[in-house]
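Below are a few friendly notes to read alongside the structure.

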Amino acid sequence: MSLRIVPENNKTSSVNTTTFGQAAEHAPGLQDILRTQEGPLNMASKLNNRHPLEARIANWEQTQHDTRLETYRRVFGAGEPIKRTMELEIVDATDFKPSVLGGPDSMHRDILMNKDTTVDWEDVYKGGFESGINVKDFHTEMERKVGI
Amino acid sequence: MPGLSFDNYQRNAYLTTKGYGTPKATSTGTTIVGCKFKGGVVIAADTRATAGPIVADKNCEKLHRLAPKIWCAGAGTAADTEMVTQLIASNLELHALSQDRQPRVITALTMLKQHLFKYQGHLGAYLIVAGVDPTGAHLLSVQAHGSTDIGKYQSLGSGSLAAMAVLETHFKEDMTKEEAMKLCADAIESGIWNDLGSGSNVDLCVMEVGKDAELHRNYLTPNVRSEKARSYKFARGTTAVLRESVREILDVEETVITFGGDAMEVDA
């Protein structure tokens, strides 16, 4: 277990056809291009010629979180990170609001992650690909959540 | 992805290969200085913003407020300094409210430094942060990659060498407020005259322990545009209308086209 401040710079040595999207039920070897409406996936564009900063920023929060939990494990014992992870998973499991209605409220998650008194670019520029008119529809989300 | 988006990076790289280079971001060429005096700190900046060789803004504001008594001067990419400053100002305010304490300059500095380090210098924000807080007066600076400095006098920006020359010559410990204001204004003026990236006016901000911060917008205006030598208005009757001709460019023809069938066909 390592204590990292900066996300690791490793590129994956192999990718699946389903690495960049949810698998489709009718064609489990591919990602669901009908649902995502993106068209056939261009894997090369997802792997090559990416900004060097993109992977760093995308993994920053996760890396900081992991380091924090690792230090808690070393100082307080294995129970601390397990308990904190459990609390976060409880929030994820119990908070459900469809993306079409705005997505789950982040208050509980913010308090647990100690982000309730901070603002970052994610709060200003909320869009991603799944925002605006590209929001996941309710049925897809419910199916995924329930596990159909 | 939420947050600052990298979506257009590949498209821009492709366009560059085809000959359409990325537009030059507005930069603050800039001279910014900060100087401590007995019981407080002064920061000053020029007011020119450049986009390549063109002056984009003749009177822009480079002194940003992080907290009522903590101000920062920004050099580098104008948008980056502005946005990063506003983000950290919001965070400072939230932090101060949740801790129920006056915000501290080192808190602002740490937030800025951690944020800029995360973006590895791609956010081109070079800032001089100064202010007063319950621990006293502070003068600090941050570079775009996240390194910080503490000092009694600092200068940043393209005119920093010109300004530093003035500061090194005339700085002394425990100056009065007026002496410090004069020194900073002189240092900025040196940058205005001797550096192409700096110009126009001098802005100044004084933060004294126990008092409110004072912002002196356009404290010095050594570059007022002079009045034109002659009047260039045309006298009435200089030209009368000599000839008029109107040419119709478009000939509009309207015809009604009927689609087959009487009623509207829903399923053809």
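1. A word on terms before the helices: axes are lines fitted to C-alpha atoms, for helices over the stretch in contact, and angles run from 0 to 180 degrees between N-to-C directions. Please also keep in mind that this is a predicted model.

2. With that in hand, look at H3(A) and helix H4 (residues 79–94) of chain A. Their axes lie 7 Å apart, and the packing angle is about 140°. Angles over 145 degrees would count as roughly antiparallel, so H3(A) and H4(A) are oblique to each other.

3. From H3(A) come His65(A), Leu69(A), Tyr72(A), Arg73(A) and Phe76(A), and they meet Glu80(A), Pro81(A), Arg84(A), Thr85(A) and Leu88(A) of H4(A). Sorted by class, that contact has five nonpolar, three charged and two polar residues.

4. Now to the two chains. Chain A brings 23 residues to the contact and chain B brings 20 residues. Between them they bury about 2300 Å², with 66% of that on carbon and sulfur atoms.

5. What holds charge to charge here? One salt bridge is counted between chain A and chain B: the side chains of Asp120(A) and Lys118(B) meet at 3.2 Å, N to O. Nine residue pairs are in polar contact across the interface, both residues at pLDDT 80 or more.

6. On the side of chain A that touches chain B, helix H3 (52–76) and helix H6 (121–124) of chain A each supply at least two residues. H3(A) gives the most, with six residues. By class, this side has nine nonpolar, eight polar and six charged residues.

Definitions and conventions:
Residues numbered from 1 in each chain as written. Chains lettered and ligands numbered in written order. Predicted model: local features only at pLDDT ≥ 70, side-chain atom pairs only at ≥ 80, totals over all residues. Heavy atoms only, no water. Contact = heavy atoms within 4.5 Å. Buried area = accessible area lost by both parts, 1.4 Å probe. Salt bridge = Lys/Arg side-chain N within 4 Å of Asp/Glu carboxyl O. Polar contact = N/O pair within 3.5 Å; in protein donor to acceptor, adjacent residues only side chain to side chain. Helix = DSSP H or I, 4+ residues; strand = E, 2+ residues; numbered from the N terminus. Nonpolar A, V, L, I, M, F, W, Y, C, P; charged D, E, K, R; others polar. Parallel < 35°, antiparallel > 145°, perpendicular 65-115°, else oblique.
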